[in-house]
Amino acid sequence: MGRAFEFRKERKFKRWAKMAVQFTRLGKEIVMAVKAGGPNVETNSRLRTAVQNAKAVNMPKDRVEAAIKRASSRDEKDYDELVYEGYAPHGIAILVETATDNTNRTVANVRSYFTKHGGTLGKTGSLDFVFNRKSVFTFEPSDRDLEELELELIDAGLEDLFVEADEEGKDIAVIHTAFEDFGKMQKALEELGIETKSAKLERIPVTTVDVTEEQAADALKIVDKLEEDDDVQAVYHNIAG
């Protein structure tokens, strides 16, 4: 079958692995949302967001429903949400968001990923000046007048609205608001009938670091190991570009 077949097979396996990690993370987010605000999607905005995000990555409906049902059980474990901050080689900042039922395991794993690849784990709050926490919403722009939409969303806390290409090369509209305006923007988009593809709280780097490809590869070894860990929900860095 040749190298082309092997290349396609490798890409397919990587895509499946990525989907499996996404499903695990979204399953945890659904559990935490249910435990925080109950199993009703209509009255629990965090759960509604988690379900929307699951739909955006084609998480099977039965898995979503199973996660909600499991979270409603008293036997389901609780997760602690913890943030770890550190530096990779070449002064690259890395921030890690986790959700864990065993904090000792998680911190040991995170520390090992940093130290094994020449990085250092820092103190909580040490990267406050590097990253801003923002509310980020995405949706398909279609034929919507985005200039008009900007005016409609100003009162909901709109900071930025732009269009970029997604992984498949399709146009996707991106909205940035302040961390504290997440709920207000979510409500405004719902009232306008805009179905979001994703709605997340993300860490946006304020300052970035210019590095060579080799230096970036050194840092991304840590990022890759972190992203493979089941306790990790999100990883952010400040590599420029």
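Two strands are counted as paired if DSSP finds at least two bridges between them. In this predicted model, strand E5 and strand E6 (residues 171-178) meet that criterion, pairing in the antiparallel sense over 7 bridges. One of the residue pairs involved is Val-163 with Ala-173, the latter being the bridge partner in E6.

These two strands belong to an open sheet of 4 strands, whose order is E5-E6-E4-E7 and whose pairing is antiparallel. Strand E5 (158-165) and strand E7 (198-205) each have a single partner strand and stand at the edges, so one side of each is left without a neighbour in the sheet. From one strand to the next, the twist averages 30 degrees. In general, the strands of a sheet pair through backbone hydrogen bonds.

Helix H5 (residues 146-153) lies across strand E4 (131-139), E5 and E6. Relative to E5, helix H5 runs at about 150 degrees.

Leaving aside residues up to four places away in sequence, the contacts of His-176 include Ser-135, Val-136, Leu-158, Phe-162 and Ile-204.

Arg-25 lies in helix H1 (residues 2-37), and its relative accessible area of 17% places Arg-25 in the buried class. With residues up to four places away in sequence again excluded, Arg-25 touches Leu-226, Glu-227, Asp-229, Val-232 and Gln-233. The C-alpha atom of Arg-25 is separated by 32 Å from that of Glu-150, a residue 125 positions apart from Arg-25 along the chain.

Conventions:
Residues numbered from 1 in each chain as written. Predicted model: local features only at pLDDT ≥ 70, side-chain atom pairs only at ≥ 80, totals over all residues. Heavy atoms only, no water. Axes fitted to C-alpha atoms, helices over the stretch in contact; angles between N-to-C directions. Contact = heavy atoms within 4.5 Å. Buried < 20%, exposed > 50% of the residue type's maximum accessible area, 1.4 Å probe, protein only.
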